[in-house]
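The following note concerns the assembly shown below.

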Amino acid sequence: MKINNTPKLTLFHCLNSFEETASMFDGCEMKTVKMACSSMTKDVHLLRAFEAGSDAVLVLVCSDKGCRYAEGSIRARKRVDYVKTILDDIGMDGRRLKIFNTSAKDYGSIKNIIQNTILELEIIGPNPALNHFN
Amino acid sequence: MKTFSHLHENLLQGKFVVTGECGPPRGANKAVIDKKISLLKGYVDAVNVTDNQTAIVRMSSIAASAHLVAAGLEPVMQMVVRDRNRIAIQSDIMGAYSLGIRNILCLSGDHQKFGSQPDAMNVFDIDSVNLVRTVRDMREKGKDMSGFVLDVAPQMFIGAAANPFADPFEYRVIRLAKKIDAGVDFIQTQCIYNIDRFKEWIKRANDEGLTERVYILGGVTPLRSAGMARYMNNKVAGMDVPSDIIKRMDGIGKKNQADEGIKICLETIEVLKELTGVHGVHIMAIEWEEAVAKIVEQAGLK
Amino acid sequence: MITASQKPINEIIELVEPYKKVLILGCGTCVKTCFSGGEDEVAVLASALRLSFKKMVRSIEIEELTIERQCENEFIQEASSGIARNDAVLSLACGAGVQALAKQFLKEVVLPGLNTTFIGIQESPGIFTEECSGCGNCSLAIFGGICPVTRCAKKLLNGPCGGSQKGFCEIDPDTHCAWHLIIERLTTLGQMDNLKTYIPPKNWNTSLSGGPRKLIREDHII
């Protein structure tokens, strides 16, 4: 199913892995959630982002070895994997949740990640739990 | 002294005995049993009849043993505690005795996880040591486990298994002693390929005076192929096939591997015959009963 | 603690499908500790169910509540108004909690959201192991504090079977052989003589074989 409206994305990120720049969010409606550390990534928040209407959710964390708080990135990845299985189980398609290791200065690659996600949504389709009653 | 079975009698006379093995069929086909009987009769002193071995559902060991009795071949009825509680166990022992079965081998049983029906609930109400004691108490005291005096109490020759190749090694002799204390008359061991470890185990048993209190039959299984050697080493619980045996099988052309397996088996039997404390050999030719006659003849045990 | 794991979400969806309003009721004691039925798990399950029903274009109202313990009537009372407001309760408690609710609310539908697994401990972060079968007749004193009834796959009381190899159980190369552990520990304690002693058949009458068990403390009955 093609997305007719501008895709909605939510981006969770730790302080050190993302910094907003101009034109970074071209082509999508973006909501960002800043976390002191990626270890604060919680399963319920990821799910609620989808409940709030996101078509895709991105989690940007530092490299596994570059985490200032030792294991934050690893924990974040495990939780993302867990939520992906829930999304798959309920037919929401776990591919609409993604995690990347980035650093705040990687403007180019972060922009690529976002643009690729928007492109991929053309295949995956919009959030299937949207626009229905409830 | 009272003898409980022909196997017992032969051991009492100091004969180096031979027991074989007969796995009942996966079905009710008596002809399978008859064929195995014809291959084994005249070559062995008694034949173990397995009890749903590897937890694969088969004709019951009691029924198959009864077929052997009827054919004039003495069975050693195997009984596992995996599938029966103490009520069924005692009842089956009485039934077996009434059918002319005179030897019993008391086992824990392979876990059902590896069997054909892993969803089954296991029982393990009593363990194999307590099974030995139960049969012994029936025989010596004439009572069932509740202390009820039996009209005719089963008088069976009691066996158990020992695995010298399982860990922890130090405990293996203690466990043997425990089984002897519980009343076991004879022991059949796990298949011997690691002869050094077996020698160490039997030495410790001799040192503890255990081999004077129990008959020990060393277990052997002729290897049919190098693949089987590898499979047994890797997949069968509690089995120890040393790498030089596997190498030796690997070094032989596929066509001649079975002959080599028999050769290894004969060499093992030669060693066992000379060992103090070993009173016989238990040949487990798994679905290869034809090999038994050959082994017995070539080993000069007929 | 009593451990449990959440039922597959699709099984839960089938369970709650007939109802319009469902209370997901968490339990803040054992199952919270093993990450299956505490407040956090209630929130995740509620969110997943809402998403799933929206996707199916089905309507469901979900209320979330977690109480301290579902196996005690005092705490259960805190859930009574929530239960009254809904068509069904999806309990994220062990089987005891589910049944305690069913006993208290005779006319309400109570559904289990968890599969209760065992009495165990958290051996290391995220790994829970079974330690006790509640057999009603503890022999840990002679076995060096390691229970063969629970931790030996064959419940052997007189030593290891022939499948114990290199310290592991024949049924699973990742499971320690309980008997290996017992022998190691008794060796350390200098109590190996315990194992030379014959252990008679266990009296299972105190375990589940005797039917549902009851604990009576006369001094607490008014």
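1. Of the two pairs of chains in contact, chains B and C share the most contacts; two residues are in contact if their C-beta atoms, placed from the backbone, lie within 7 Å. No contact joins chain A and chain B, and their closest C-alpha atoms are 26 Å apart.

2. On provenance, this is a predicted model, in which local features need pLDDT of at least 70, side-chain atom pairs count only at pLDDT 80 or more, and totals for chains, interfaces and linings use all residues. Residues are numbered from 1 along each chain as its sequence is written, while chains are lettered from A and ligands numbered from 1 in the order in which they are written.

3. Between chains A and C, 16 residues of chain A are in contact with 15 residues of chain C. The largest share, six residues, comes from α1(A).

4. Chain A contains three helices and four strands, arranged β-β-α-β-α-β-α from the N terminus on. The radius of gyration of chain A, taken over C-alpha atoms, is 14 Å, close to the 14 Å that the globule rule (2.2 Å times the number of residues to the power 0.38) gives for 134 residues, so chain A is as compact as a globular protein of that length. Its C-alpha trace spans about 40 × 30 × 20 Å along the principal axes.

5. In chain B, eight strands close into a barrel in the order β1-β2-β3-β4-β5-β6-β7-β8, with parallel pairing; two strands pair if DSSP finds at least two bridges between them. β1(B) and β8 (residues 280–283) of chain B pair in the parallel sense over three bridges, and B:Val18 stands opposite B:Val281 in β8(B).

6. α3(B) packs on the sheet, touching β1, β2 and β3 of chain B, and its direction makes about 175° with that of β3(B). Axes here are lines fitted to C-alpha atoms, for helices over the stretch in contact, and angles run from 0 to 180 degrees between N-to-C directions.

7. Which residues of helix α3 (residues 61–70) of chain B are buried? They are B:Ser61, B:Ala64, B:Ser65, B:Ala66, B:His67 and B:Leu68, where buried requires 20 or more other C-beta atoms within 10 Å of the residue's own, placed from the backbone. Their cover includes α2 (30–40) and α4 (86–98) of chain B. B:Gly72, with a positive phi near 80°, follows α3(B).

Terms used. A residue is buried if 20 or more other C-beta atoms lie within 10 Å of its own, exposed if 12 or fewer, and partly exposed in between; C-beta atoms are placed from the backbone. Helices (H or I, at least four residues) and strands (E, at least two) are DSSP runs, numbered from the N terminus.
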